[in-house]
Amino acid sequence: MYYTYVLLIEKDNAFYIGFTKDLKERFQEHKRGNVSSTKKRHPLRLIYYEACLNEIDAIKREKYF
């Protein structure tokens with residue numbers, strides 16, 4: 001199972017969209033500052049996610065958003 005997710009960057013009211021196989025761990029990586037795209041853009045809030053059956057579908061959904 002893969003997940004497509006949307007984070008709200010509260011600092012500048014922007015969105016970050018990504019996909020992952022482990023949603024809980026990936027969100028923790030964002031919160032710890034281990035993701036360069038969101039490292040200096042805290043606080044973050046997970047506002048949406050959806051499960052996909054495979055990586056290809058998750059990537060398609062990420063590009064759709």
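This is a predicted model: local features need pLDDT of at least 70, side-chain atom pairs count only at pLDDT 80 or more; totals for chains, interfaces and linings use all residues.
Which residues are buried in helix H1 (residues 23-32)?

In helix H1, the buried residues are Leu-23, Phe-27 and His-30. Viewed down the axis of H1, these buried residues fall within an arc of 55°, so they line one face of the helix. Their cover includes three strands: S1 (2-9), S2 (14-20) and S3 (44-52). Just after H1 comes Gly-33, whose phi is positive, at about 85°.

Let me turn to the strands. S1 is itself mostly covered, with seven of its eight residues buried. S1 pairs with S3 in the antiparallel sense, over eight bridges, and in that pairing Leu-8 stands opposite Arg-45 of S3. S1 also runs antiparallel to S2, to which seven bridges join it. Here Ile-9 stands opposite Ala-14 in S2. The hairpin of S1 and S2 has four residues between the strands, and in this hairpin Asn-13 takes a positive phi near 55°.

Finally, the surface. Which residues make the nonpolar patch of about 560 Å²? The contributors are Phe-15, Ile-47, Tyr-48, Tyr-64 and Phe-65. Of these, I would draw your attention to Tyr-64, which is found in helix H2 (residues 55-64). Is Tyr-64 buried or exposed? Its relative accessibility is 61%, and because the cut-off for exposed is over 50%, Tyr-64 counts as exposed.

Conventions:
Residues are numbered from 1 along each chain as its sequence is written. Side-chain values use heavy atoms; hydrogens and water are left out. Patches are made of residues with over 30% relative accessible area and no salt bridge: like charges are joined within 9 Å, nonpolar side chains (Val, Leu, Ile, Met, Phe, Trp, Tyr) within 5 Å. Accessible areas come from the Shrake-Rupley method with a 1.4 Å probe; for residues, only the protein chains shown count as cover. A salt bridge is a side-chain nitrogen of Lys or Arg within 4 Å of a carboxyl oxygen of Asp or Glu. Helices (H or I, at least four residues) and strands (E, at least two) are DSSP runs, numbered from the N terminus. Buried means under 20% relative accessible area, exposed over 50%, partly exposed in between (1.4 Å probe, protein chains only). The arc is that of the directions from the helix axis to the C-beta atoms. Contact means heavy atoms within 4.5 Å. Two strands pair if DSSP finds at least two bridges between them.
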